[in-house]
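Here are my notes on the model you sent. I start with the ligand site and then turn to the chain as a whole.

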Amino acid sequence: MGITANSVWKNCLAFIKDNIQPQAYKTWFEPIKPIKLAENALSIQVPSKFFYEWLEEHYVKLLKVALTKELGETAKLVYIIRMENTYGNKEPFTEKIPSTNRGNMGPQEMDVPIKSKNPELKNPFVIPGIRNIKIESQLNPNYNFDNFLEGDSNRLARSAGMAVANKPGGTSFNPLLVFGGVGLGKTHLAHAIGVEIKDKYPERTVLYISAEKFTQQYIESVKKNTRNDFIHFYQLIDVLIIDDVQFLSGKSGTQDVFFHIFNHLHQNGKQVILTSDKAPVDMQDIEQRLLSRFKWGLSAELQSPDYETRVSIVKNKLYRDGVEMPEEIIDHVAKHIKTNVRELEGAIISLIAQSSFNKKEVTLELAQQVVEKFVKNTKREVSIDYIQKVVSDYFEMDVATLQSKTRKRHIVQARQLAMFFAKKFTKASLASIGSQIGKRDHATVLHACKTVDNLAETDKQFRKYIEDLTKKFT
Ligand code: ADP
Ligand code: MG
């Protein structure tokens with residue numbers, strides 16, 4: 001007789017029963033019904049969402065072990081939640097949710113050599129004064145390889161990432177630089193590599209950090225006179241993941257310190273993983289010696305996903321959220337939202353939300369409305385006029401004042417910010433930016449961009465302006 005959902009579940013129960021308290025067994029396992037077994041995934045029905053959450057929180061490991069014993073390493077568990085229909089019509093409905101099987105990332109302990117000259121080595125992530133070095137990896141376990149779907153657009157980057165995860169520091173992909181436009185999965189992939197390494201090599205110290213946070217920590221360390229501690233801390237990491245390195249552009253102090261850290265790690269066979277919104281050749285204001293390091297390993301591009309990949313990303317998203325939608329709707333969304341994965345997900349989330357708030361079914365009309373909104377938003381490119389308007393509003397002045405010849409400091413700063421954002425968010429040349437923002441020449445614009453970069457490094461208030469304004473343009 002072949003194996004069935006019933007027989008598999010019966011054996012699992014026997015194993016579970018031996019391993020937990022009788023009361024817990026009675027409460028949490030007896031009410032479960034095995035429903036089906038397909039493609040090595042066992043679907044079990046649980047009475048409520050709370051029940052499912054409890055199982056996932058307390059028994060996921062046990063379930064995993066039991067299931068692996070029965071079905072092998074590739075076993076999957078799917079929960080089916082039977083709920084009374086809250087909209088008061090017809091049948092109770094069910095919701096399907098796959099098991100995560102992944103615990104949260106615990107802190108990593110690291111031995112600091114006793115002979116180290118810095119017995120009080122500062123961990124920039126903790127409050128000063130704490131001696132014990134516990135490093136949170138800062139990894140998000142929800143960004144993993146399982147849910148990073150493969151397609152032509154990401155195959156190279158994904159498989160290079162896998163190779164690195166299998167042998168961190170032991171491939172020629174060091175550093176691995178993943179680059180591509182916004183919302184194409186750089187951050188997701190960077191985490192996935194780290195998460196996979198922690199799974200395979202729990203003893204390695206992995207650290208994920210955005211280049212922006214790295215920069216802030218560095219600036220802090222300079223202020224507090226702990227620059228060396230900062231460097232030493234980073235030199236102890238086995239796998240260093242820095243997200244959005246384009247952020248380092250123009251920040252020579254941070255680049256310098258990163259250069260030293262990078263060399264140390266690389267020489268010691270440690271793995272470095274970087275992401276960037278552009279290829280190394282297109283990066284501006286990054287020191288040559290650093291750029292040449294970036295090119296040592298492999299630069300792999302993430303491109304916009306093709307139609308098939310978009311469909312599978314949408315389906316996977318729905319599956320994970322336990323929602324079902326007709327094919328024609330999935331197709332409509334995948335056909336029209338092409339540029340990036342974040343928007344694709346955004347459209348789906350918005351659809352799910354609208355249908356549940358308004359308690360209506362997801363219809364093609366609703367999908368069309370949502371998609372239209374998304375497509376429109378994407379097309380709205382930021383113009384230099386728009387930038388000047390937003391910056392002027394932010395500083396409560398009018399555009400004419402921003403463009404005027406005055407040397408008053410706050411007006412000059414506003415103008416420089418407008419130039420900076422125009423360079424950042426439009427494709428306009430320096431000369432054209434200058435002529436549109438108060439008839440200045442290209443050297444003025446260049447100077448403005450440099451000034452903004454410098455102030456961003458040294459002036460907290462100014463950094464806040466940049467952050468606030470950046471939010472308005474992205
Ligand atoms: P980036 O860092 O390049 O701007 P993110 O990594 O933040 O992009 O990705 C944006 C969203 O798209 C995230 O929610 C991510 O999980 C999702 N995503 C991107 N690529 C994929 C993929 N190949 N499979 C599944 N989800 C993806
Ligand atoms: Mg990102």
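1. The shell around ligand 1 is made up of seven nonpolar, seven polar and three charged residues. Please keep in mind that this is a predicted model.

2. Ligand 1 has 17 residues around it, and those that come nearest are Gly183, Thr187, His188, Arg342 and Glu345.

3. Some polar contacts to ligand 1 can be listed by atom. A backbone N or O atom of Gly183 sits 2.7 Å from an oxygen atom of the ligand. For Gly185, a polar backbone atom is 3.1 Å from a ligand oxygen atom. Asn154 takes part through its side chain, with a polar atom 3.3 Å from a nitrogen atom of ligand 1.

4. How much of the accessible area of ligand 1 does the protein cover? On its own the ligand has 570 Å², and the protein covers 92% of this. Two or more residues of the shell come from helix H6 (186-200), and helix H13 (341-357) likewise gives two or more.

5. Turning to the whole protein chain, there are 20 helices and eleven strands. The chain has 474 residues, and 47% of them are buried.

6. Among contacts in the protein chain with a separation of 6 or more, 72% are between residues 24 or more positions apart.

Terms used: Residues numbered from 1 in each chain as written. Chains lettered and ligands numbered in written order. Predicted model: local features only at pLDDT ≥ 70, side-chain atom pairs only at ≥ 80, totals over all residues. Heavy atoms only, no water. Near = heavy atom within 4 Å. Polar contact = N/O pair within 3.5 Å; in protein donor to acceptor, adjacent residues only side chain to side chain. Areas by Shrake-Rupley, 256 points an atom, 1.4 Å probe, with all protein chains shown as cover. Helix = DSSP H or I, 4+ residues; strand = E, 2+ residues; numbered from the N terminus. Nonpolar A, V, L, I, M, F, W, Y, C, P; charged D, E, K, R; others polar. Buried < 20%, exposed > 50% of the residue type's maximum accessible area, 1.4 Å probe, protein only. Contact = heavy atoms within 4.5 Å.
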